[in-house]
Amino acid sequence: MFSFIPNSVLQMGTIFLSIVIEALPFVLLGCIISGALQVFLTPERVKRWLPKNRFLSIIVGSILGFFFPSCECGIIPIVHQFVKKGVPVHTAFAFMLTAPIINPVVIFSTFIAFGNTWKMAGLRMLGSFIVALIVGIWLAYIQKGTILKFPFDPEVVEPAHHTHEENESVGPRKWGHQVLHVLTHSIDEFFDTGRYLILGGLIAAAMQTYLPTRVMLTLGSTKLLAILIMLLLAFTMSLCSEADAFIGSSLLSLFGTAPVVAFLVFGPMVDIKNLLMMKRYFKTRFIVSLIGLVTLSVIGFTLFI
């Protein structure tokens with residue numbers, strides 16, 4: 001019944017469905033966590049848990065993903081909620097950059113994909129940590145002004161004492177009300193974020209189908225050019241961090257270690273899906289600066305290794 005449709009369109013549809021089906025569970029999980037943060041995380045608790053020292057709080061954010069793993073598909077709603085609830089931006093974005101990479105599932109999948117060796121997994125973790133550290137220092141000491149697109153949203157300026165008082169109550173009725181509040185916020189967040197996932201998946205599928213990938217693969221004659229090509233591939237393919245190591249391992253013999261490490265580090269930090277999701281919450285100028293700094297940091301790290 002679809003014989004009249006060009007093969008390229010059918011291929012694009014297949015890629016689009018695979019991206020969406022792979023990403024939806026993680027987006028849903030991220031939205032549920034975001035709803036829980038909305039209800040239970042208060043500015044008072046943030047101040048009590050995080051170190052006062054900015055540099056130490058960047059370190060905490062960078063390693064937090066190991067204990068609270070999240071795919072990059074669902075990380076944006078969590079980071080947005082962190083910022084709204086008073087978590088310093090340098091801590092929140094350090095978490096955003098490392099959580100999809102420095103977590104047990106991704107570490108193990110990278111270890112398996114590259115022949116049960118720790119070299120690529122170690123370089124991947126080290127690269128993500130260094131990039132998160134650079135971005136965190138930029139946000140802590142250089143970046144000024146608000147990064148939220150809607151800084152005066154009523155939810156952003158919701159009185160902290162009201163939420164705190166609700167959380168102090170432990171009655172069954174109050175807990176039921178809080179769970180309902182979590183689910184309500186999660187559903188709203190899911191449908192709000194999901195449309196950006198759909199649009200991002202459609203663009204990624206179109207680029208994978210119609211962008212001349214074979215031509216790009218033949219251009220990697222120099223190390224820098226090969227790294228740039230792998231960054232572009234990571235951005236356009238928009239793979240989940242749990243699966244991209246197997247694609248990276250297939251390109252190792254063609255490009256070498258440094259470009260493949262760039263692919264593994266950059267992909268979970270910047271791809272079409274999370275770029276559009278970030279556009280929903282954060283200012284465009286900030287997003288451009290963030291992506292530029294991440295790109296330069298990844299290039300510098302991979303050229304060094």
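Me: What share of the 305 residues of the protein counts as buried?

Reply: Of the 305 residues, 48% count as buried. Buried means under 20% relative accessible area, exposed means over 50%, and partly exposed lies in between, using a 1.4 Å probe and protein chains only. This is a predicted model, in which local features need pLDDT of at least 70 and side-chain atom pairs count only at pLDDT 80 or more, while totals for chains, interfaces and linings use all residues. Residues are numbered from 1 along each chain as its sequence is written, and side-chain values use heavy atoms, with hydrogens and water left out.

Me: What is the mean pLDDT of the protein, and where does pLDDT stay under 50?

Reply: pLDDT is the predictor's confidence in each residue, from 0 to 100. The mean is 81, and 83% of the residues reach 70 or more. Over residues 152–170, pLDDT stays under 50, and the model has 29 contacts beyond four places in sequence for that stretch. Contact means heavy atoms within 4.5 Å.

Me: How many helices and how many strands does the secondary structure come to?

Reply: The protein has 16 helices and 0 strands. Both are DSSP runs numbered from the N terminus: helices are H or I with at least four residues, strands are E with at least two. Among contacts between residues at least 6 apart in sequence, 85% join residues at least 24 apart.

Me: The axes of helix α11 (residues 223–237) and helix α14 (residues 257–269) come within 8 Å and cross at roughly 30°; why does that make α11 roughly parallel to α14?

Reply: Axes are lines fitted to C-alpha atoms, for helices over the stretch in contact, and angles run from 0 to 180 degrees between N-to-C directions. Angles under 35 degrees count as roughly parallel, over 145 as roughly antiparallel, 65 to 115 as roughly perpendicular and the rest as oblique. A crossing at roughly 30° therefore makes α11 roughly parallel to α14. The crossing is right-handed, a label used if the near helix is turned clockwise from the far one by less than a right angle, with left-handed used if anticlockwise. Residues of α11 in the contact include Ile227, Met230 and Leu231, and those of α14 include Val260, Phe263 and Phe266. By class, this contact has 14 nonpolar, 1 polar and 1 charged residues. Ala, Val, Leu, Ile, Met, Phe, Trp, Tyr, Cys and Pro count as nonpolar, Asp, Glu, Lys and Arg as charged, and the others, Gly among them, as polar.

Me: The axes of α5 and α7 come within 8 Å and cross at roughly 160°; what makes α5 roughly antiparallel to α7?

Reply: The angle of roughly 160° is over the cut-off of 145, so α5 is roughly antiparallel to α7. Their crossing is right-handed. Phe93, Ala94 and Leu97 are among the α5 residues that meet α7, where Phe129, Ala132 and Gly136 are among the partners. The contact divides into 10 nonpolar, 4 polar and no charged residues.

Me: Why does Asn103 count as buried?

Reply: Its relative accessibility is 1%, under the 20% cut-off, so Asn103 is buried. Asn103 is in the loop between α5 (89–98) and α6 (104–113). Its C-alpha atom is 9.8 Å from that of Glu242, 139 residues away along the chain.

Me: How do you know that Met278 is buried?

Reply: Met278 has a relative accessible area of 1%, which is under 20% and therefore buried. Met278 sits in helix α15 (residues 272–281). Leaving aside neighbours within four places in sequence, Met278 is in contact with Ile76, Met96, Ile287 and Leu290.

Me: Why does Ser289 count as partly exposed?

Reply: Its 33% relative accessibility falls between the 20% and 50% limits, so Ser289 is partly exposed. Ser289 belongs to helix α16 (residues 284–304).

Me: What is the phi of Asn116, and what makes Asn116 partly exposed?

Reply: Asn116 has a positive phi of about 55° although it is not a glycine. Most residues other than glycine have a negative phi. Asn116 lies in the loop between α6 and α7.
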